[in-house]
Amino acid sequence: MSRNPRDTSRTPLDLAHATPDPAFEITLDGRPLPALPGQSVAAALWAAGILSWRTTRRDGRPRGAFCGIGSCYDCLATVNSRPNQRACLVPARPGDAVTTQEGTGRADLAV
Amino acid sequence: MPTLPSDDTVPAAPDACDDAPYDLAVVGAGPAGLAAAVAAGRLGLRVALLDSAARTGGQFYRHPAPGLGARRPEALHHAWQAYADRAARLEALVAAGRVDHLAEHHVWAVTGAAGEWSVHAALGPDGADQRRTVRAAKLLLATGAYERQLPFPGWTLPGVVGAGGAQAMLKAGLVLPGQRVVVAGSGPLLLAVAGSLAAAGAEIPAVLEASGYVGYTRRPATLAANPGKLAEGAVHAAALLRHRIPVRTRSAVTEVHGKDRVEAVTVMRLDRDWRPVPGTERRIPCNALAVGHGLVPQLEPATGIGCATRLTPDGTHALVVDDRQRTTVTGVWSAGESGGVGGAELALLEGELAALDIAGRDGRGRTSRARRRDRLRGFADAMAVAHAPRPGWTAWLDDDTDVCRCEEVTAGQVREAVAELGARDARTVKLLTRAGMGWCQGRMCGAAVACLAGGAGDTASRRPLACPVTLEQLAED
Ligand SMILES: Cc1cc2nc3c(=O)[nH]c(=O)nc-3n(C[C@H](O)[C@H](O)[C@H](O)COP(=O)(O)OP(=O)(O)OC[C@H]3O[C@@H](n4cnc5c(N)ncnc54)[C@H](O)[C@@H]3O)c2cc1C
Ligand code: FES
């Protein structure tokens, strides 16, 4: 519709002339996914087309990254059994096991 | 730059002493904090530059980690050279022992007084690791801003992301939230975001601006005084034309559709007060929505130590600073968007102005910078007025729209607190409903709750901590 036909195969990696180091594997609820070195967990999930990895405490609704800069806490994930990690801040590391976080994960916040 | 060292020589390191307080601690390594730390270091101060992020650059100059091998990081920024120069100078100052860049330091509180500030930080990418306190005689807060959000039905569906958030994820991670992305809200950032997402390969079926652009483009004096801003606007306009992206003013997304993720949005025309005009609904299929309504200055940790705030032309609160970037607390300066939203160029300038004053320098370098700063501030204020949310937006809400994303408090609950329980301000609504008491501490719902409560808003209400810390971390103190 409104896209320039020349751009159809363009990706963000092309735009930045990026030649990343080799991809590695992480998992979401056991499902293997590729991640690029330097990407946050949230970025790796977005790259795989995944937009949610948490369910809310009251209504069990799916959530994922919203503010992208660490201020909304909607992207909380359990990474390698450690709950409440902001996926938009935490870098993906080879072998990371990300699990969908249900409810609070762990509700011992001071504020 | 008459009062800043103009060559690339770096003063010799003072006697290294690990426990000695720094002359200056700078919180925030965005354009403002980075420029300030570099200028102060070159003026001979020993500086600690703290930021929660791993790399300098802040929101505007956010860029990929080295592992992504981006050979053209500047593709997503204009004026990249202004950053690259300062980043190179910072590196030289760090190597010379003048400046310590303390990355992944999440500052959660500041204590003390002029001459003996203690800056408390939680370490690690998410601030979940050990703790550290940095001592400094003077303090510069350059904590920037975050995006203002207004709720509407469906805004919690995965695939609805902040407009600045989509930009940030693209700049840092080289990813998109979807292939077909509607961009909506208000403010000049939307045009920049639409341009970058399109350049990165996304299809942008529409940009929807709730206000218009006439407010300030019709102010020839302000525009003529800011030729740089004209050029910047022209770059965005050209990018939108090149990608044939339609921009509709006085329009908004009033509902998002989809079961577990975005499938389409409903767009409506708005009247001057942002009330949707009945019968103008149009459905646009898409798989993501990038939305935002301008920016909100990040006031913590400044308000925690008593820095005064002012109401800005678009209804947010910013730190009060004088023409030397001093806050109302002795020994504390602020530069960049914590003192009012105005963009990267203004932030760089303010950082340098603050550094000059902190180092006790005056003279021509200061006056010419101050003049440029005032011009840019004038332009930013004109834009802020033009894009400020109008009261009619609350007509987008239905009673079961979540207003507070964290605590899942609905518009109906907030309205009930106001109408039936007599809440007159955001603080009372918060106590009655828990809206704003969750993880984000009201950053996402603060503007909306304040509007619904009918008050001018208390987004500047003092929060004791700048970011949530766990009980374990508090116990370590
Ligand atoms: C999500 C987002 C995206 C944006 N994208 C664009 C864009 O594409 N184009 C554009 O023109 N403008 C953009 N802006 C506007 C941008 O804010 C300014 O252009 C510019 O970056 C402001 O510079 P600054 O130095 O004042 O603040 P920032 O760049 O916001 O820098 C503030 C820094 O302080 C750090 N910080 C804040 N609080 C703490 C704390 N408690 N502890 C430690 N560190 C802390 C942050 O990590 C950040 O690095 C964006 C804003 C946001 C919020
Ligand atoms: S997306 Fe908002 S905190 Fe991660």
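Two residues are taken to be in contact when heavy atoms lie within 4.5 Å. The structure is a predicted model, in which local features need pLDDT of at least 70 and side-chain atom pairs count only at pLDDT 80 or more, whereas totals for chains, interfaces and linings use all residues. Residues are numbered from 1 along each chain as its sequence is written, chains are lettered from A and ligands numbered from 1 in the order in which they are written, and side-chain values use heavy atoms, with hydrogens and water left out.

The contact between the chains takes 59 residues from chain A and 76 residues from chain B. Together, chain A and chain B bury about 5,700 Å², of which 57% is on carbon and sulfur atoms; buried area is the accessible area (1.4 Å probe) that two parts lose on being put together, summed over both. Seven salt bridges cross this interface, a salt bridge being a side-chain nitrogen of Lys or Arg within 4 Å of a carboxyl oxygen of Asp or Glu. A salt bridge joins the side chains of A:Arg82 and B:Asp129, with an N to O distance of 3.4 Å. Polar contacts link 20 residue pairs between chain A and chain B, both residues at pLDDT 80 or more. Such a contact is a pair of N or O atoms within 3.5 Å; within protein, one must be able to donate a hydrogen and the other to accept it, and residues adjacent in sequence count only if both atoms are side-chain atoms. On the side of chain A that touches chain B, at least two residues each come from α1 (12–15), α2 (41–47), β4 (62–63) and β6 (82–86) of chain A. Helices (H or I, at least four residues) and strands (E, at least two) are DSSP runs, numbered from the N terminus.

Chain B itself is divided into domain 1 (22–146 + 296–384), domain 2 (149–293) and domain 3 (392–452), with bounds from an automatic or database domain assignment. The centres of domain 1 and domain 2 of chain B, taken over C-alpha atoms, are 28 Å apart. Between these two domains of chain B, 18 residues of domain 1 are in contact with 16 residues of domain 2. About 1,600 Å² is buried between domain 1 and domain 2 of chain B, 72% of it on carbon and sulfur atoms. B:Leu76, B:Phe379 and B:Met383 supply 38% of the area that domain 1 of chain B buries against domain 2 of chain B, more than any other three residues. Across this domain interface of chain B, the rule finds 0 salt bridges and 1 residue pair in polar contact.
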